[in-house]
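Have the sequence and the model open as you read.

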Amino acid sequence: MDLNLRHVRAFVSVAHLRSFTRAAALLNLSQPALTVQIRRLEEALAVRLLDRTSRSVAPTRAGRELLPVFQRVLRELDSVVVDTRDLAARRHGIVRIAALPSVAAGLLPDAIAGFRAAHPRMGFVVKDVIAERVLALVRQEEVDLGVTGGEVRDPDVTVLARAADRLHVVYPAGHPIGEVAAVTLEALAEHPLVLMDAATSVRGVVDAAFVAAGRRPVTACEATYMMTAVGMVRAGLGLTILPGSAREIRAEPCLLSRPISEASFSRPVCLIAKAGRTLPAAAEDFVEEMIPALEAEFAGGG
């Protein structure tokens with residue numbers, strides 16, 4: 001059975017107004033055309049829907065039972081059409097984004113606040129996860145956008161913007177690393193290090209730099225989250241290496257940080273999306289907010 005929505009709307013209008021004349025005017029149809037639409041709906045359903053006399057029009061018993069069902073269907077369809085037009089007009093929507101924890105706690109809140117000031121009906125779902133999970137969530141289309149660390153070499157992912165985040169050494173006040181003229185890999189190799197988890201983008205940069213120099217770090221312990229690494233430094237377990245953008249560096253007044261002088265200690269930060277996928281309008285607009293935010297956050301970081 002193939003129901004035509006124009007025919008359903010014609011029946012609802014006649015049943016509600018109890019008049020073919022008024023319904024035809026409402027729908028901008030001639031009365032013969034309206035009559036044909038009602039007849040075709042009755043034929044599709046194999047049931048009479050309206051009783052019509054020279055003086056009145058009224059739904060049959062079947063018509064009365066179907067009327068609220070058809071009214072609900074039309075309301076829901078009209079609501080979907082309005083919502084879709086609102087999305088297309090960028091009046092509301094939801095942006096789903098996965099970001100590195102340092103980005104999710106750093107530049108992202110300000111970027112979202114700035115965007116919502118201009119688009120107050122926009123909502124956000126933020127997943128703060130390590131680099132591997134950002135890539136996976138974007139590939140699986142569980143999020144619209146991702147902000148990840150490290151080089152992106154995945155054919156299923158498109159890089160929309162790229163920046164660089166210089167890595168810093170974090171150390172207690174009075175530590176000898178604060179007295180050297182420049183923080184080099186050789187200087188770092190002399191001290192125990194609290195390294196980030198092997199799955200993080202920061203650890204990837206650190207490992208690559210040590211391997212390229214033919215050295216091995218003195219590993220005191222590992223941590224998945226930057227705040228944990230900072231706590232271990234505070235406890236005197238070693239130094240840690242974090243992105244200069246990390247808010248965790250400033251969370252402990254007893255700790256200091258310095259940029260590492262060697263160019264190899266720089267973490268690429270990329271705004272990414274699924275390759276070949278059309279972004280929702282809200283996410284597409286948010287990209288325009290994120291690109292200058294990335295440039296401002298990491299200015300001079302390369």
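## Helix α9 and what follows

With 13 residues at 1.5 Å a residue, α9 should span 18 Å, and its end C-alpha atoms are 19 Å apart, which agrees. That expected span is 1.5 Å times one less than the number of residues. Helices here are DSSP runs of H or I with at least four residues, strands are runs of E with at least two, and both are numbered from the N terminus.

Before going on, keep in mind that this is a predicted model: local features need pLDDT of at least 70, side-chain atom pairs count only at pLDDT 80 or more, and totals for chains, interfaces and linings use all residues. Residues are numbered from 1 along each chain as its sequence is written, and side-chain values use heavy atoms, with hydrogens and water left out.

Back to α9, which covers residues 201-213. Its buried residues are S201, V202, R203, V205, V206, A209 and F210; buried means under 20% relative accessible area, exposed means over 50%, and partly exposed is in between (1.4 Å probe, protein chains only). A208 sits in this helix too, but A208 is partly exposed, with a relative accessible area of 48%. The C-alpha atom of A208 is 8.1 Å from that of S264, although the two residues are 56 apart along the chain. Just after α9 comes G214, with a positive phi of about 70°.

## Two helix pairs

Two packed helices are described by the angle between their axes and the distance between the axes. The axes are lines fitted to C-alpha atoms, for helices over the stretch in contact, and the angles run from 0 to 180 degrees between N-to-C directions.

| Pair | Angle | Axis distance |
|---|---|---|
| α1 (residues 5-17) and α2 (residues 20-27) | about 135° | 8 Å |
| α6 (residues 107-118) and α11 (residues 281-297) | about 130° | 10 Å |

α1 and α2 are therefore oblique to each other. For the cut-offs, angles under 35 degrees count as roughly parallel, over 145 as roughly antiparallel, 65 to 115 as roughly perpendicular, and the rest as oblique. The α1 and α2 crossing is right-handed, meaning the near helix is turned clockwise from the far one by less than a right angle. On the α1 side the contact uses R9, A10, S13, V14 and L17, and on the α2 side F20, R22, A23, L26 and L27; contact means heavy atoms within 4.5 Å.

Among the residues in contact are L107, I112 and F115 of α6, and F286, M290 and L294 of α11.

What do the buried residues of α11 pack against? They meet β3 (93-99), α6, β4 (122-128), β5 (145-149), β6 (157-172) and β11 (266-274).

Most residues other than glycine have a negative phi. N28 has a positive phi of about 60°; N28 lies in the loop between α2 and α3 (31-45) and is exposed, at 70% relative accessible area. A46 also has a positive phi of about 60°. The loop between α3 and β1 (50-52) holds A46, which is exposed at 70%.
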